[in-house]
Amino acid sequence: MAPEPIDASATLDASERVKTLLLRLHTNSLAQEEELNKPGGKLSELKAASERYGDVGDTAGLADCQRQFDDLMRDKMIALEQDKALFVYHLCRTLSATRIVEAGTSFGLSTIYLALAVGQNASKLDPERGGSAKVIATENESSKIALARQHWKEAGEEVEPWIELREGDLRQTLASGLPEKIDFVLLDIWTPMVLPTLRLLEPNLKKGAVLVADNVSEAVDGYRDFHEYIKANRSSYRSLVLPYSGGLELTVYDP
C-alpha cells in the first residue's frame, strides 16, 4: 500500500487551490509508483535482467534493458517525493533563490514548489531585481510537457508566471541564455545526463550555489561519473547525502 501524502498546510506558503493540486498530484504519483514496483511486474523483470547482463558483461543486453526501461517510464508521472519537495521549497526560500534551473521537469510537480519559492523570494526584492526571477524548467518528453503546462495553468498566478520551460534535449536548451548567476539547481533526471548538465551550468553557478540531486544512493552506478567529478574538484564542491528515501545529495559550489 502506498504511503499517504503528508499535510503540508502548516509548512507551505500557498493558496488552498495550489495545496489541493499538489496533494492530488502526489497521491497520483504514489499510486503509480506502487503499481510500477509490484513484485513480478515489468520493472522488477527489467532490474533482474539488467543484473544478469551486468554480471556477464553483456553490453548489448544492458542497452536493450535501458531502452525498455526508457519506454516504460516515458509516460509515467513519478515525481520528487513530497518530503523532498517540501525540503527543496524551504531550502530555496532560505537561500532567497530567484534564479533556479530544474533538470528533469517531468509533469511539473516539483517545478510548482520551485516556482512558489522563486515568486515569494522575488516579492521581497525591488521590481528591477525581482523581474528577472525565474525557474528554468527542462523536459524532453512531449507528453510530460503537455501535462506540466496543464498543471502550472491550474496552479495559476502563484506559479505559472515564474516558469520558463525549455523543451527538448537540455544539452541544447541549456547551452545558452542562462542567468549570469544561478542560485539553485535541482537534478532529477536520467543519471547519465547529470554530469553533462553540471558542466553546462558550472560557468554560471554563483559562489555558494546549491545543487540537489535525487536518488543518489539508489542509483549509485548511474551517478558514478558525477561523484568522480565532484571528488576530483573537491576544492570547488562540498557534498552531503541526506537521509531521504533513495538518498538526496546536497552539494554547495564554493570555488
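**Group meeting talk: a walk through a predicted model**

Okay, let's start with helix 7, residues 142-155: it has 14 residues and reaches 20 Å from its first C-alpha to its last, close to the 20 Å expected at 1.5 Å a residue. That expected span is 1.5 Å times one less than the number of residues in the helix. When I say helix or strand, I mean a DSSP run (H or I with at least four residues for helices, E with at least two for strands), numbered from the N terminus.

Before going on, two bits of housekeeping. This is a predicted model, where local features need pLDDT of at least 70 and side-chain atom pairs count only at pLDDT 80 or more, while totals for chains, interfaces and linings use all residues. Residues are numbered from 1 along each chain as its sequence is written, and side-chain values use heavy atoms, with hydrogens and water left out.

Back to helix 7. Which of its residues are buried? They are Lys144, Ile145, Ala148, His151, Trp152 and Ala155. Looking down the axis of helix 7, those buried residues fall within an arc of 130°, so they line one face of the helix. The arc is that of the directions from the helix axis to the C-beta atoms. Buried here means under 20% relative accessible area, exposed means over 50%, and partly exposed is in between (1.4 Å probe, protein chains only). If that one-sided pattern is new to you, remember that an α-helix has 3.6 residues a turn, so residues three or four places apart point the same way. On the other side of helix 7, Ser142 and Lys153 are exposed. After the helix comes Gly156, with a positive phi near 85°.

Ser142 sits in helix 7, and its relative accessibility is 59%, so it counts as exposed. In sequence, Ser142 is 36 residues from Ser106, and in space the two are 9.7 Å apart, C-alpha to C-alpha.

So where is Ser106? You'll find Ser106 in the loop between strand 1 and helix 5. Ser106 is buried, with a relative accessible area of 13%. Its backbone is worth a look too: the phi of Ser106 is near 55°, a positive value in a residue other than glycine. Most residues other than glycine have a negative phi. Ser96 also has a positive phi near 55°. Ser96 lies in the loop between helix 4 (82-95) and strand 1, and at 49% relative accessibility it counts as partly exposed.

Next, helix 5, residues 109-122. Helix 5 has 14 residues and spans 20 Å from first C-alpha to last, close to the 20 Å expected. How many of its residues are buried? The count is 14 of the 14, so helix 5 is largely enclosed by the rest of the structure.

Now the strands. Two strands pair if DSSP finds at least two bridges between them. Strand 4 (residues 182-187) pairs with strand 5 in the parallel sense over 5 bridges, and strand 1 (residues 99-103) pairs with strand 4, also parallel, over 4 bridges. Leu187 stands opposite Ala213 in strand 5. Strand 4 is mostly covered, with 6 of its 6 residues buried. Strand 5 (residues 205-214) is mostly covered as well, with 7 of its 10 residues buried.

On to the aromatic rings. A search of the whole structure finds 4 aromatic pairs. One of them is Tyr237 with Tyr253, a tilted pair at 5.1 Å centre to centre and 50° between the planes. It links distant parts of the chain, with Tyr237 in strand 6 (residues 237-242) and Tyr253 in strand 7 (residues 248-253), 16 residues apart. The cut-offs: rings of Phe, Tyr and Trp (its six-membered ring) pair if their centres lie within 6.5 Å, and planes under 30 degrees apart count as stacked, over 60 as edge-to-face and the rest as tilted. Both Tyr237 and Tyr253 are buried. Ring pairs also join Tyr229, Tyr237 and Tyr253 into a cluster.

Last, the whole protein. It has 10 helices and 7 strands, and buried residues make up 47% of its 255 residues. Among contacts with a separation of 6 or more, 74% come from residues 24 or more positions apart, where contact means heavy atoms within 4.5 Å.
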